Amino acid sequence: MTTAIAAPYHTGSHRRSWSSTALGIALVILMWEVAARLLIDSFVLASPSQVLLYLVENHALMTRALTETLTNAAAGFVLGNLAAVLLAAIALVWPRSQTVVTGLALVVFCLPLVATGPILRVFFGPGPGPQIILAALAVYYTTLIPLLVGLKAVPATWFDLVRSYGRSGLTELFHVRTMASLPYLFAGLQIAAPAAFLGAMVGEFTGAEKGMGVLTIRAMRALDVEMTWAIATLATAVATIAYLTIGWIAKKVLRDTPPVILAPPRSAAAYTQSPMRLILNMALVCAAVLLLWWGTIAALNLNPFLAKGPLDVFDALFTAGDAASNRATLATALWETATFLLPGYLAGLMAGAGLAVLFVLVPAVAGTVMPVAIALRSVPIVTTAPLIVLLLGRGAAGTIVLVAVMVFFPTLVACLHGLRQAPGQVNDVLNSYAASPLQRLVLVQVPAMLPAFFAAARMSVPAAVLAVTVVEWLATGNGIGSLMALSSSLSDYDVLWSSVFLVASLSAVCYAIVGLIEARVLRIYAPEQLA
């Protein structure tokens with residue numbers, strides 16, 4: 001019998017008070033002021049006092065830009081999360097579709113902003129369309145994966161009770177699985193809140209007429225340090241308020257103690273797909289991706305010079321006169337990208353999970369560190385990339401740090417929610433034996449966290465790929481990200497679309513590897529997740 005994550009939400013002794021959070025923010029501001037004064041001659045860091053003065057003097061400009069970006073981010077947040085709920089419902093009602101649904105969702109989420117942003121701008125023009133779509137694309141996947149985990153985190157006895165009353169599968173969905181998934185839904189929403197604002201800003205980088213993203217470009221081009229950090233501060237404030245508001249709602253809605261999920265462990269063969277079934281699932285996902293790719297180009301009647309289909313990419317890689325040169329160029333760039341991707345990804349996972357454990361063992365730390373964590377996720381990577389590269393250089397250190405930052409926040413939030421799902425009854429038993437906090441952590445809370453941790457690991461694969469390509473585009477000048485930017489500027493759309501295809505393929509392969517590791521671990525600690 002194994003103990004796994006349960007459904008209802010419980011903060012217990014780990015509840016952060018508002019006073020602790022306020023103290024943490026005050027300490028961060030103090031450290032920020034000191035650091036800015038120490039680096040006054042480097043022109044890379046503006047102090048809080050300089051930022052406040054800039055915001056007061058330019059309040060009208062910043063208010064208009066913030067209103068525009070916030071409106072687009074809110075629209076994308078709602079649309080993206082509605083799409084996530086719909087996809088999760090389809091996957092649950094029709095279990096055989098889950099492979100195709102998650103596969104398509106992954107591929108769409110993996111599309112590089114370097115390529116999709118300009119294409120959306122060409123199609124929608126200067127209006128808010130690209131901002132809203134990119135905000136929705138930034139959030140739907142981060143909500144979908146935790147939601148799928150939560151829909152399965154249900155004790156089997158609850159289903160037996162529903163069936164004993166002769167109720168249908170819809171009753172199970174709405175009254176059992178939906179309620180069980182709420183903690184994971186709130187975790188996904190907290191991760192999605194900063195991502196939506198970031199997505200809207202990235203959409204504004206592609207040619208919008210107004211918004212925070214437009215001001216960011218202006219500040220970067222003018223080397224206006226005060227303006228850059230004022231924008232970053234506002235973005236952090238918005239994301240922090242959204243994160244804390246969603247957390248407050250979760251505490252009000254989810255008051256029950258997490259139950260114990262008992263599931264009999266089954267043999268490895270019960271979780272292992274036959275080779276034919278595995279091949280069939282992969283073929284279905286590939287067919288769905290190719291159909292969506294071709295169908296989108298045909299339905300929107302996109303210019304064939306700009307929009308390349310699957311056959312065009314195949315021709316560029318294998319049958320064209322310069323196919324060998326294209327393959328060599330792409331292989332070199334992809335290897336450069338993969339070299340920095342894995343260390344940054346693993347560093348972000350370890351940092352997020354380790355900090356979540358620290359928050360549980362020493363709750364007072366959360367009030368100080370969480371605002372910094374939200375800030376790292378809220379500030380657009382196109383703003384932070386040049387600054388971090390300036391401080392750490394264009395080599396491995398700067399790239400790995402930026403990839404780790406993108407992976408760190410989703411992992412931290414997911415693991416915190418997972419640790420809080422430790423069943424109260426089991427904790428009571430350990431308390432009766434005078435177990436130490438470390439013993440409770442190792443024996444109960446970490447096993448309870450594992451499904452959430454692996455959900456974060458899967459979510460973070462495309463985020464890490466996105467981060468490394470953006471850093472290569474903006475700062476290092478190496479790898480597949482730089483190649484995509486160069487191809488776009490030279491109108492070499494065959495190489496550009498081939499690069500997009502390879503980036504999506506790299507994400508899918510890494511995702512599949514994480515999924516295999518997850519299956520081997522969860523069949524011991526949370527077999528209900530593999531049912």
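Me: What makes helix 3 oblique to helix 9?

Reply: Helix 3 (residues 59-93) and helix 9 (residues 212-222) pack at an angle of about 130°, with their axes 8 Å apart. Angles under 35 degrees count as roughly parallel, over 145 as roughly antiparallel, 65 to 115 as roughly perpendicular and the rest as oblique. The angle of about 130° therefore makes helix 3 oblique to helix 9. By the way, this is a predicted model, where local features need pLDDT of at least 70 and side-chain atom pairs count only at pLDDT 80 or more, while totals for chains, interfaces and linings use all residues. Residues are numbered from 1 along each chain as its sequence is written, and side-chain values use heavy atoms, leaving out hydrogens and water.

Me: Which residues of helix 3 and helix 9 meet?

Reply: On helix 3 they are Leu61, Met62, Ala65, Leu66 and Thr69, and on helix 9 Met212, Gly213, Leu215 and Arg218; contact means heavy atoms within 4.5 Å. They divide into six nonpolar, two polar and one charged.

Me: Why is the pair of Tyr141 and Tyr511 called tilted?

Reply: Rings of Phe, Tyr and Trp (its six-membered ring) pair if their centres lie within 6.5 Å, and planes under 30 degrees apart count as stacked, over 60 as edge-to-face and the rest as tilted. The centres of Tyr141 and Tyr511 are 6.5 Å apart and their planes stand at 55°, so the pair is tilted. Tyr141 lies in helix 6 (residues 129-152) and Tyr511 in helix 21 (residues 493-525), 370 residues apart. Phe109, Tyr140, Tyr141 and Tyr511 form one aromatic cluster.

Me: And why is the pair of Trp293 and Phe501 called stacked?

Reply: Their planes are at 25° and their centres 6.4 Å apart, so this pair is stacked. Trp293 sits in helix 12 (residues 275-300) and Phe501 in helix 21, 208 residues apart.

Me: How do you know whether Trp293 is buried or exposed?

Reply: Buried means under 20% relative accessible area, exposed over 50%, and partly exposed in between (1.4 Å probe, protein chains only). Trp293 has a relative accessible area of 14%, so Trp293 is buried. Phe501 has 35%, and is therefore partly exposed.

Me: What puts the buried residues of helix 13 on the same side?

Reply: The buried residues of helix 13 (residues 310-319) are Val313, Ala316 and Leu317. They cover an arc of only 85° around the axis, which puts them on the same side of helix 13; the arc is that of the directions from the helix axis to the C-beta atoms. The face turned away from the buried side of helix 13 carries the exposed residues Leu311 and Phe318.

Terms used. Helices (H or I, at least four residues) and strands (E, at least two) are DSSP runs, numbered from the N terminus. Axes are lines fitted to C-alpha atoms, for helices over the stretch in contact, and angles run from 0 to 180 degrees between N-to-C directions. Ala, Val, Leu, Ile, Met, Phe, Trp, Tyr, Cys and Pro count as nonpolar, Asp, Glu, Lys and Arg as charged, and the others, Gly among them, as polar.
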